[in-house]
Amino acid sequence: MAKAPTDPEKMSRRRQFVETYRMAKKTDPRLGLLLVVAFLVAAVVGFAVFWFLPGGGVIGLVIAIVGAILFGSLAALIVFGRRAQKAAYGQMEGQPGAAAAALRMLKRGWRTDPAVAFTKQQDIVHRVVGPPGIVLIGEGNPNRVRQLLAGERRKHERVVSDAPVHEIVCGNGEGEVPLPKLARHVQKLGRSVKPAEMTDILNRLKALDANRSAIPMPKGPVPTSMKGMRGNMRGR
């Protein structure tokens, strides 16, 4: 029998890094070369900066070498984070449930409920509750998704009438939010709900969700290391 994939949350930091690198390498064959170049260029800059600081001799040389290693490592991590992020979104793009995976990038203080509504054509609506209030994110056919979002908005406003409800269509068309920008777009919606109010909203939404049938998340090649990549992908 095939071995079940390991939960990224249970992986060591080193294992997460290795799995992320393997995932990114599949779609970015030059990743290794780019990391080496970034390290070397930044290391040269770091060595020069520390070498010309006041001082000299053996101690100055040691400090310059340490500075070179620090500069090089930082540059390599930044490049790795950005390339890994691009590779991850590239693998998810166009797959059902991709928006839910991208929303895992949200920090603490956000509650994400994947696939609170969907159609047979795999149009999906995900829900996020956070400082902006309730955010409904749809993915799939734009026309069907907007109808689905409108229906979900009415349901949520009946249950939580005093909380703002935002609608977002994830995609690359006009008026849509591209997948790589989704999490950041959600975070920029502002702050309209306090933590205590968010708890009340979540309790009210339980009643709405209790009347729904179980909705399975569509299967797709979403990277299993996505959650473990959260720290690496924020390397900026």
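At what angle do helix α5 and helix α7 pack, and how far apart are their axes? Here are a few friendly notes on that and more.

1. This is a predicted model, where local features need pLDDT of at least 70, side-chain atom pairs count only at pLDDT 80 or more, and totals for chains, interfaces and linings use all residues. Residues are numbered from 1 along each chain as its sequence is written, and side-chain values use heavy atoms, leaving out hydrogens and water.

2. Helix α5 (residues 142-159) packs with helix α7 (residues 195-210) at an angle of about 125°, and their axes are 9 Å apart. That makes α5 oblique to α7 (angles under 35 degrees count as roughly parallel, over 145 as roughly antiparallel, 65 to 115 as roughly perpendicular and the rest as oblique). Axes are lines fitted to C-alpha atoms, for helices over the stretch in contact, with angles running from 0 to 180 degrees between N-to-C directions. The crossing of α5 and α7 is right-handed (the near helix is turned clockwise from the far one by less than a right angle).

3. Now look at helix α1 (residues 13-27) and α3: their axes are 9 Å apart and meet at an angle of about 60°. The two helices α1 and α3 are therefore oblique to each other, and their crossing is left-handed, the anticlockwise case.

4. Where is V58 placed? V58 sits in helix α3, and this residue is exposed because its relative accessible area is 64% (exposed means over 50%, buried under 20%, partly exposed in between, with a 1.4 Å probe and protein chains only).

Key: Helices (H or I, at least four residues) and strands (E, at least two) are DSSP runs, numbered from the N terminus.
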